Amino acid sequence: MLFRRQDGQAPLPRSAECIELSLDDGPLRVTVRRHPQARRLTLRVRAAARDVTLTAPPHVPLAFARDFVERHREWVRVRLVRLPETVPFEDEAAIPLRGEPHRIVHCPQARGTVWIDAAARGLPALCVAGDAPHVSRRVQDFLKREARRDLAAAVKHYSAALKVDVGRLTLRDTASRWGSCSARGDLSFSWRLILAPHFVLDYLAAHEVAHRLEMNHGPRFWRLVEQVCPTRREAEAWLRRHGSDLHRYGGE
């Protein structure tokens, strides 16, 4: 069972605990996550999800956790302020596509949906036809189509290279992982990889396809990945530095 927060953020399990923290611009809900192996209280501001969580041992009373959060109010406020601003998919916004900046240009009188005009002055233009209220959805739909096309091609390449079969390919918008491979061979990826340079998307495809042979992250798995994708370490370094920034785009 889920319930939706009053501020329009993502739903949480009805059993989830939360603590309301009053900040200058209004109340903030801190989600409490009980972890059986936690030994202390740990506050975390997640840049990707743009939320605040408190990890706590199962036995810690909620009142004690609330006092801990209150004592760290300024720490939370400073880190929220430091989060990069979101970039909505709207006219004149600059967004990356395969790692290259593009400018969204609304073309209300044009026919079609979304297309790239690389000959435009300044940044390449991501032209969007139709009425203004549909610009954001059309840009996101376009990015998902491009992500599916690039990922399908990369998965096909690495499946052949490693001589494995894969199942369905699904796109999601996950904050905690860029890709996954199920025991049945179904692959799931974040559509936001289309915003990153192509070698990053390519590496994630190799990573998940390699799990068809090794469902772990042991030495044999990494040897497989590096055998078919020599840019593994470069891609991982890029994601460590810039991965969270990909979640800025498309926000309100």
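**Close-up views of a predicted model**

**View 1. The second largest pocket has 25 lining residues.** Nearest its centre are A175, S176, R177, W178 and G179. Helix 4 supplies the largest share, four residues. By residue class, the lining holds 10 nonpolar, nine polar and six charged residues. (Nonpolar: Ala, Val, Leu, Ile, Met, Phe, Trp, Tyr, Cys and Pro; charged: Asp, Glu, Lys and Arg; polar: the others, Gly among them.) The space in the second largest pocket is about 550 Å³. (A pocket is an open set of points on a 1 Å grid over the protein atoms alone, where a 1.4 Å probe fits, with protein on both sides within 12 Å along at least five of seven lines; lining residues have an atom within 4 Å of a point. Points join across faces, edges and corners, and the volume is the space filled by probe spheres set on them.)

The model is predicted: local features need pLDDT of at least 70 and side-chain atom pairs count only at pLDDT 80 or more, while totals for chains, interfaces and linings use all residues. Residues are numbered from 1 along each chain as its sequence is written, and side-chain values use heavy atoms, with hydrogens and water left out.

**View 2. F221 and W222 form an aromatic pair.** Rings of Phe, Tyr and Trp (its six-membered ring) pair if their centres lie within 6.5 Å; planes under 30 degrees apart are stacked, over 60 edge-to-face, the rest tilted. One aromatic pair is counted by this rule. The ring centres of F221 and W222 lie 4.9 Å apart with the planes at 75°, so the pair is edge-to-face. Both F221 and W222 are buried (under 20% relative accessible area; exposed is over 50%, partly exposed in between; 1.4 Å probe, protein chains only). R232 sits over the face of W222, 3.9 Å from the ring centre (rule: NZ of Lys or CZ of Arg within 6 Å of the ring centre and within 35 degrees of the ring normal).

**View 3. Helix 3 spans residues 135-162.** Helix 3 counts 28 residues. From first C-alpha to last, helix 3 reaches 40 Å, close to the expected 40 Å (1.5 Å times one less than its number of residues). K163 follows helix 3. Phi of K163 is near 55°, a positive value in a residue other than glycine. K163 lies in the loop between helix 3 and strand 11 (169-172). K163 is exposed, at 73% relative accessible area.

**View 4. E92 has a positive phi.** Phi of E92 is near 80°, and E92 is not a glycine. The loop that holds E92 runs between helix 2 (73-82) and strand 7 (94-97). E92 is partly exposed, at 48% relative accessible area.

**View 5. V105 lies in strand 8 (residues 100-107).** V105 counts as buried, at 18% relative accessibility. V105 and P230 are 125 residues apart in sequence. In space, their C-alpha atoms are 37 Å apart.

**View 6. T170 lies in strand 11.** At 21% relative accessibility, T170 is partly exposed. T170 and R40 are separated by 130 residues in sequence and by 37 Å in space, C-alpha to C-alpha.

**Setting of the views.** The chain has six helices and 13 strands (DSSP runs numbered from the N terminus: helices H or I, at least four residues; strands E, at least two). Its C-alpha trace spans about 55 × 50 × 35 Å along the principal axes. Of its 252 residues, 44% count as buried.
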